[in-house]
Amino acid sequence: VTYKLEIDAAVNGQNNHYEAVSTMEKPGFEVTDVDYMYAGKPDVQLDSLWTIAVWGQDSPFTSYYYVTASLNEAAFPLALSLAMDDKYFNGQKVVCFPITTLYQTYATRQQFGDCGKYLEPGDVFTLNVYTIPKDYYDFYMGFVSSSVGAAVPMLQSQPANCPTNIEGGDAVGYFVACSSSSASVVIDNPFRPYYQKLFGGFPMP
């Protein structure tokens with residue numbers, strides 16, 4: 001399915017018209033389950049780290065993904081999300097793949113709100129995986145490298161311009177239509193390891 005975006009906006013007192021077209025990719029990854037593992041010290045509840053694992057099935061064709069999440073009803077912003085490809089698990093059944101980390105600190109909560117809060121029993125964490133076109137993957141990587149700080153300036157050059165599919169004026173951005181798959185987990189014990197889903201709830205030796 002192909003979607004078209006049209007925007008009429010006044011910029012610096014001048015009326016501009018912008019257009020963009022995006023064709024939705026075939027679904028590339030079906031998420032069937034998600035879980036978390038605490039990776040910090042049990043006595044530290046201000047700045048803490050969790051590993052997020054995913055279960056699911058990847059498609060047999062090469063795909064690119066935008067991975068983001070929400071905590072309760074607080075959505076994660078671009079700066080806390082990521083883009084990735086499936087070259088390490090293309091076409092495979094995925095079991096307990098450590099897809100991302102969740103680093104909750106006082107600073108992230110101050111900057112991004114409740115999505116950066118420390119995990120507590122009863123919280124609902126939802127992982128969202130969007131199948132994206134290669135062009136949007138390139139846009140994301142260029143945007144993150146030039147603005148969010150993923151690149152190290154002394155070790156690599158910054159892109160002069162991010163790729164964009166928006167036509168008209170000097171607009172920079174990307175209009176994308178994409179399929180999505182998601183799964184949620186209710187936080188019962190913020191300190192527990194993965195074994196609850198891996199071994200049917202039996203403690204690891």
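Colleague: What pattern of helices and strands does the protein follow when read along the sequence?

Modeller: This is a predicted model, in which local features need pLDDT of at least 70 and side-chain atom pairs count only at pLDDT 80 or more, while totals for chains, interfaces and linings use all residues. Residues are numbered from 1 along each chain as its sequence is written, and side-chain values use heavy atoms, with hydrogens and water left out. Taking helices (H or I, at least four residues) and strands (E, at least two) as DSSP runs numbered from the N terminus, the protein has three helices and 10 strands. Along the sequence, these elements follow the pattern β-β-β-β-β-β-β-β-α-β-α-β-α.

Colleague: What percentage of the 205 residues do buried residues make up?

Modeller: The classes rest on relative accessible area with a 1.4 Å probe and protein chains only: buried means under 20%, exposed over 50%, and partly exposed in between. By that criterion, the buried share of the 205 residues is 40%.

Colleague: Among contacts with a separation of 6 or more, what percentage do residues 24 or more positions apart account for?

Modeller: A contact here means heavy atoms within 4.5 Å. For the protein's contacts with a separation of 6 or more, the share from residues 24 or more positions apart is 70%.

Colleague: D86 is buried yet has no salt bridge, and which side chain of opposite charge is nearest?

Modeller: D86 sits in the loop between β7 (82-85) and β8 (93-104). Charges are assigned with Lys and Arg as positive and Asp and Glu as negative, while His and the chain ends are not counted, and a salt bridge needs a side-chain nitrogen of Lys or Arg within 4 Å of a carboxyl oxygen of Asp or Glu. The nearest side chain of opposite charge to D86 lies 9.3 Å away and belongs to K87.

Colleague: Which residue's backbone nitrogen does the side chain of D86 reach?

Modeller: Leaving aside its neighbours within four places in sequence, D86 is in contact with D58, S59, F61, T62, S63 and Y65. A polar contact is a pair of N or O atoms within 3.5 Å; within protein, one must be able to donate a hydrogen and the other to accept it, and residues adjacent in sequence count only if both atoms are side-chain atoms. The side chain of D86 reaches, at 3.2 Å, the backbone nitrogen of S63.

Colleague: How many salt bridges does the structure hold?

Modeller: Among them, K4 pairs with E19, the closest N and O atoms being 3.8 Å apart; because K4 lies in strand β1 (residues 2-11) and E19 in strand β2, this pair ties together parts that are 15 residues apart in sequence. D114 is bridged to R109 at 3.2 Å between the closest N and O atoms, with D114 partly exposed at 44% relative accessibility and R109 partly exposed at 39%. D35, D188 and R192 are linked in a network of salt bridges. The number of salt bridges in the structure is seven.

Colleague: In the salt bridge between K117 and E120, how far apart are the closest N and O atoms?

Modeller: K117 is buried, with a relative accessible area of 8%, whereas E120 is partly exposed at 41%. The closest N and O atoms of this pair are separated by 3.0 Å.

Colleague: Which residues make the nonpolar surface patch of about 280 Å²?

Modeller: Patches are made of residues with over 30% relative accessible area and no salt bridge, like charges being joined within 9 Å and nonpolar side chains (Val, Leu, Ile, Met, Phe, Trp, Tyr) within 5 Å. One member, M24, lies in the loop between β2 (14-23) and β3 (29-38) and counts as partly exposed at 31% relative accessibility. The patch of about 280 Å² is made by V1, Y3 and M24.

Colleague: Is C96, a residue other than glycine with a positive phi, buried or exposed?

Modeller: N12 has a phi near 55°, lies in the loop between β1 and β2, and is exposed with a relative accessible area of 81%. C96 also has a phi near 55°, but is found in strand β8. At 17% relative accessibility, C96 counts as buried.

Conventions: Areas by Shrake-Rupley, 256 points an atom, 1.4 Å probe, with all protein chains shown as cover.
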